[in-house]
Structure formats: structure tokens, C-alpha cells
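Look at the structure below together with its sequence. The paragraphs after it go from the whole chain to its parts.

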Amino acid sequence: MTQTVAVLGTGKIGEALLSGMIRAGWPVTHLLVTARRPERAEELHTRYGVETVSNADAAKRADTLILAVKPQDMGKLLDELAHHVTRDRLVISAAAGIPTSFIEERLAPDTPVVRVMPNTPVLVDEGMSVISAGSHATADHLAHTEEIFGGVGKTLRVPESQQDAATALSGSGPAYFYYLVEAMTDAGILLGLPRAQAHDLIVQAAIGAAVMLRDSGEHPVKLREAVTSPAGTTISAIRELENHGVRAALIAALEAARDRSRELASGNG
Ligand SMILES: NC(=O)C1=CN([C@@H]2O[C@H](COP(=O)(O)OP(=O)(O)OC[C@H]3O[C@@H](n4cnc5c(N)ncnc54)[C@H](O)[C@@H]3O)[C@@H](O)[C@H]2O)C=CC1
Ligand SMILES: O=C(O)[C@@H]1CCC=N1
């Protein structure tokens with residue numbers, strides 16, 4: 001029998017997951033969503049035909065609850081759920097920073113909790129979802145979580161101690177690439193190209209590079225060397241990237257993201 005899954009807090013990532021589950025063939029009759037605002041609930045119902053319910057009803061009716069509210073709203077949501085979630089449910093949290101222990105402490109003893117860090121490319125079935133078991137989650141719970149998130153991209157199990165790092169790399173990761181595309185499009189404008197053309201050139205370069213990274217099996221250094229002709233254009237650009245400390249900036253940026261994830265652990269960061 002198909003299990004019922006509820007998404008609680010259907011904002012950007014919650015909706016991305018919901019749409020992905022529907023695309024992956026999850027029967028909409030076995031999906032529930034919750035939203036804080038009635039207009040948002042109506043919008044989700046119209047867009048996906050999915051039933052919208054209260055958080056308490058979601059907890060009573062769904063076998064699996066995916067919590068997709070902001071870390072700062074997690075404590076309040078768990079207060080609402082505490083008396084309704086029984087330990088035969090699986091609770092999956094997608095919130096950055098929040099440890100499984102934070103959730104376990106607020107729910108019935110032994111409730112299984114799994115922590116997942118997805119990313120927005122779940123919208124195009126190219127997501128990366130990093131998964132860790134809480135103290136009461138079994139192999140079956142992990143497998144069920146992989147079934148849900150594997151329908152919209154790749155999954156990887158890591159020890160929970162690595163979740164803040166994974167959040168910095170892959171949870172936030174797409175934003176760094178969008179930022180680079182934005183900056184390089186600006187560079188194209190400076191060099192005299194129309195914005196639309198500059199955008200298309202950089203996006204296609206990004207797609208080509210991403211597919212080669214994924215499919216060639218080559219190390220990124222090798223792929224870059226193949227582009228970098230002696231006394232050519234690429235090495236002139238690379239020298240400027242090094243002069244401006246771009247590598248160090250990226251390392252510092254991801255470290256800052258990891259640290260922010262740690263700060264969110266208390267749920268009121
Ligand atoms: N946006 C992203 O790329 C990713 C976000 N996340 C995590 O997902 C969570 C949500 O992030 P976003 O979707 O970006 O934020 P968002 O603000 O778009 O979505 C959160 C939603 O939760 C709703 N909400 C808050 N309290 C609620 C309650 N008590 N009951 C029902 N709904 C409630 C809000 O109204 C909002 O629609 C965060 O914890 C974030 O760390 C994880 C991976 C990637
Ligand atoms: O920016 C954030 O906090 C969330 C978590 C990972 C991606 N977006």
C-alpha cells in the first residue's frame with residue numbers, strides 16, 4: 001500500500017519537493033501539504049490538486065512528515081505537532097542546521113527522525129539530497145527517505161556530523177553558480193555583448209562544463225588544462241582570478257555557510 005506523505009511548510013523547497021514527487025509518479029491522493037496562509041494553501045491546491053490540511057491533521061493522517069519550515073520556525077511547528085505525532089510515523093527534516101536531536105527531544109520518545117539537505121535542482125530532477133539518520137531511524141526509514149528524494153535527483157548518506165558541511169556545499173551550492181553566471185554575464189556586457197547573448201553564452205558554457213564534470217570521469221584540473229592554451233586567453237583570465245583571491249574567497253564563503261548552519265542549530269539563530 002502506498003504510504004501517505006505530508007509536506008509541512010510548503011515554501012520554495014517544500015513546493016519543489018512536492019512537484020518532484022508528483023512528477024515521479026507519487027499519487028496525489030497520497031500527498032498532503034500544510035501552509036501558514038490560506039491563500040497559499042489555495043494556490044497549492046489549484047496548482048497540484050493536492051489536499052491542504054492543518055499541521056495536526058497532517059500528523060494524524062500521514063505516515064511520513066517532511067518538515068520544510070525555516071530553522072527559526074521549527075520549534076513552533078514541533079510544539080504544534082508534539083501531541084499528534086506517534087512513533088510509527090517517520091519525521092524527515094529538511095531544515096538547515098537543525099540536528100535530529102532537536103526534533104527527537106520535542107516529539108514522543110523513540111520517534112524516528114531523518115535529516116535531509118536537498119537543493120532546489122530537485123525542481124528539474126537534478127537535486128542532491130544528503131541524508132542522515134537520527135538515533136531512532138532504521139535502515140527502512142533511510143531507504144524510504146531515499147525513495148522519496150531519489151525520485152528528484154541523487155542521494156547520499158553521510159554521518160550527521162557532516163551535515164553542516166554538506167549544507168554549505170550542496171544545499172547552498174546552486175546559489176554560488178547562479179552568482180557566478182550573474183557576474184560573468186555582467187562581464188559580457190562590459191565586453192560589449194547584448195545581455196541576452198551574454199547570458200546564453202555563459203549558461204551554455206556552464207551546462208557543457210557541468211556535463212563534462214559529471215560524465216568524463218576527468219579531474220577538474222585536467223578539464224581546465226585542456227581549455228588553457230599556452231600564452232592564450234584562458235591563462236590571462238586565470239591569473240586575474242588568482243590575483244583577486246577567488247579560490248580563497250570560495251573557501252572562506254563555504255566555511256561561513258557551514259558556520260551559519262551550526263548557528264541555526266538552536267532553532268532561533
Ligand atoms: N531554499 C533552499 O534552497 C533550501 C532550503 N532548505 C531548508 O528548507 C526550509 C525552508 O526553506 P525555504 O523553502 O527556502 O523557505 P520558505 O520561507 O520559502 O518556506 C518556508 C515555508 O514554511 C511556512 N511555514 C512556516 N511555519 C509554518 C507552520 N507552522 N506551518 C505551516 N507552514 C509554515 C512558511 O509560510 C513558508 O511558506 C529551511 O529550513 C531551509 O533551511 C533546505 C535545502 C535547500
Ligand atoms: O540558505 C539557506 O539557509 C537554505 C539552506 C540551504 C539552502 N538554502
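Domain bounds here come from an automatic or database domain assignment. For this chain, the assignment gives domain 1 (5-163) and domain 2 (173-263). The model is predicted, and local features need pLDDT of at least 70, side-chain atom pairs count only at pLDDT 80 or more, while totals for chains, interfaces and linings use all residues. Residues are numbered from 1 along each chain as its sequence is written, and chains are lettered from A and ligands numbered from 1 in the order in which they are written.

Start with the chain as a whole. Its C-alpha atoms fill a box of roughly 70 × 40 × 35 Å, taken along the principal axes. The secondary structure comes to twelve helices and eight strands; helices (H or I, at least four residues) and strands (E, at least two) are DSSP runs, numbered from the N terminus. Of the 269 residues, 33% are buried. A residue counts as buried if 20 or more other C-beta atoms, placed from the backbone, lie within 10 Å of its own.

How far apart are the C-alpha centres of domain 1 and domain 2? They lie 33 Å apart. Five residues of domain 1 are in contact with five residues of domain 2, where contact means C-beta atoms, placed from the backbone, within 7 Å. On the side of domain 1 that touches domain 2, two residues are nonpolar, three are polar and none is charged. In this scheme Ala, Val, Leu, Ile, Met, Phe, Trp, Tyr, Cys and Pro are nonpolar, Asp, Glu, Lys and Arg are charged, and the others, Gly among them, are polar.

Next comes the interior. A nonpolar core is a set of buried Ala, Val, Leu, Ile, Met, Phe, Trp, Tyr and Cys residues joined through C-beta atoms within 7 Å. The largest such core has 52 residues, of which Ala6, Leu8, Leu17, Leu65, Ile66 and Leu67 touch the most other members. Helix α1 (residues 12-23) gives the most to this core, with five residues. Leaving aside residues up to four places away in sequence, Ile66 touches Val5, Ala6, Val7, Leu8, Leu17, Ile92 and Ala94.

Around it are 25 residues, and Gly9, Gly11, Lys12, Ala95 and Ala96 come nearest; a residue belongs here if its C-beta atom, placed from the backbone, lies within 6 Å. Helices α1 and α4 (71-81) each give two or more residues to this shell, and the largest share, four residues, comes from α4. By class, the shell has twelve nonpolar, eight polar and five charged residues.

Notes:
A residue is buried if 20 or more other C-beta atoms lie within 10 Å of its own, exposed if 12 or fewer, and partly exposed in between; C-beta atoms are placed from the backbone. Two residues are in contact if their C-beta atoms, placed from the backbone, lie within 7 Å.
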